[in-house]
Amino acid sequence: AEHGSPLADALDTIMTAARRGAGLCKQLLSYAGRGPDAHQALDLGALVHETSALLQVSLPKPVRLVLDLDADAPWVRGDTSQLQQVLMNLVLNAVEALGQRPGQVTLRLRQQALDASQLATARVGHDVTPGDYVVLEVEDTGLGMSSALQARIFEPFFTTKPTGRGMGLAAVLGVVRSHKGVLLLRSAEGQGTTFGVALAPVSRPKTWAAV
């Protein structure tokens, strides 16, 4: 159809609606823990570096993004695009928690032993066992959350924003479920918030020296 014609405009509208519908379906599949199975061994530290570089250019000036990454942390098994979506959602939520105030968002990666008491209070993790995990934390210096708010933030359509679909944290929950991981949350009013995604470690792929 000719550009600018009623038919072309209608086709553009249809394509836009189709893309939005596909994106919503993808988010719903992530929430249900049934996204595409494209899991592979990956370097979570490298993924954090790459994603933080993308985020840095869009962060408000009063927000400082700090990386505290253990270079020796084991690799994990997962879907690169889904884990990147998780990280971006958590960072953007952390930035929103700061509002217009100066603050800091810290991305921390390390290997950590999780015991039964920590797993018992996790949002995901009731079917996992104590042991060593690779833990990616997103910590903000915002105002923190009340217990009542913490109880609701992972509901699929719950949101504290005037405009928004409230799908971000629900999608995070689904992705962590699909990775058989653990989702940790520490927050208190006036003390900021820390989300932690804990995944089982895997061996790094072998590299072969050039002959």
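These are my notebook entries on a few spots I looked up in this structure, which is a predicted model.

**Entry 1: Val63**

I started with Val63, which sits in strand β2, residues 63–69. Is Val63 buried or exposed? I found it buried, with a relative accessible area of 7%; the cut-off for buried is under 20%, so it qualifies. Then I looked up its contacts, skipping neighbours within four places in sequence, and got Val95, Leu98, Gly103 and Val105. Val95 is 32 residues away in sequence, yet the two C-alpha atoms are 7.2 Å apart.

**Entry 2: Ala71**

Next I checked Ala71, in the loop between β2 and β3 (75–78). Ala71 counts as exposed, at 66% relative accessibility.

**Entry 3: Gln84**

I moved on to helix α3 (residues 80–98), where Gln84 is found. With neighbours within four places left aside, I listed Leu47, Glu50, Thr51 and Leu54 as its contacts. Gln84 is buried, and I wrote down 16% for its relative accessible area.

**Entry 4: salt bridges**

How many salt bridges does the structure hold? I got six. Side chains of opposite charge can pair when their charged atoms come close.

I looked at Arg108 and Asp68, whose side chains meet at 3.4 Å, N to O. Arg108 is in strand β4 (residues 103–114) and Asp68 in strand β2, so this pair ties together parts 40 residues apart in sequence. Asp68 is partly exposed at 40%, while Arg108 is buried at 18%.

Arg108 also has a salt bridge to Glu139, at 3.3 Å, N to O. Glu139 lies in strand β5 (residues 131–140), so here the parts tied together are 31 residues apart in sequence.

Then came Glu137 and Arg110, with their closest N and O atoms 3.3 Å apart. This pair links β5 to β4, across 27 residues. Glu137 is buried at 3%, and Arg110 is partly exposed at 26%. I noted that salt bridges with shared partners join Asp68, Arg108, Arg110, Glu137, Glu139 and Arg186 into one network.

**Entry 5: helix α6**

Why do I call helix α6 (residues 168–178) largely enclosed by the rest of the structure? Because eight of its eleven residues are buried. Among them are Leu169, Val172 and Val176. Just after α6, I noticed that Lys180 takes a positive phi of about 55°.

Note on methods:
Residues numbered from 1 in each chain as written. Predicted model: local features only at pLDDT ≥ 70, side-chain atom pairs only at ≥ 80, totals over all residues. Heavy atoms only, no water. Helix = DSSP H or I, 4+ residues; strand = E, 2+ residues; numbered from the N terminus. Buried < 20%, exposed > 50% of the residue type's maximum accessible area, 1.4 Å probe, protein only. Contact = heavy atoms within 4.5 Å. Salt bridge = Lys/Arg side-chain N within 4 Å of Asp/Glu carboxyl O.
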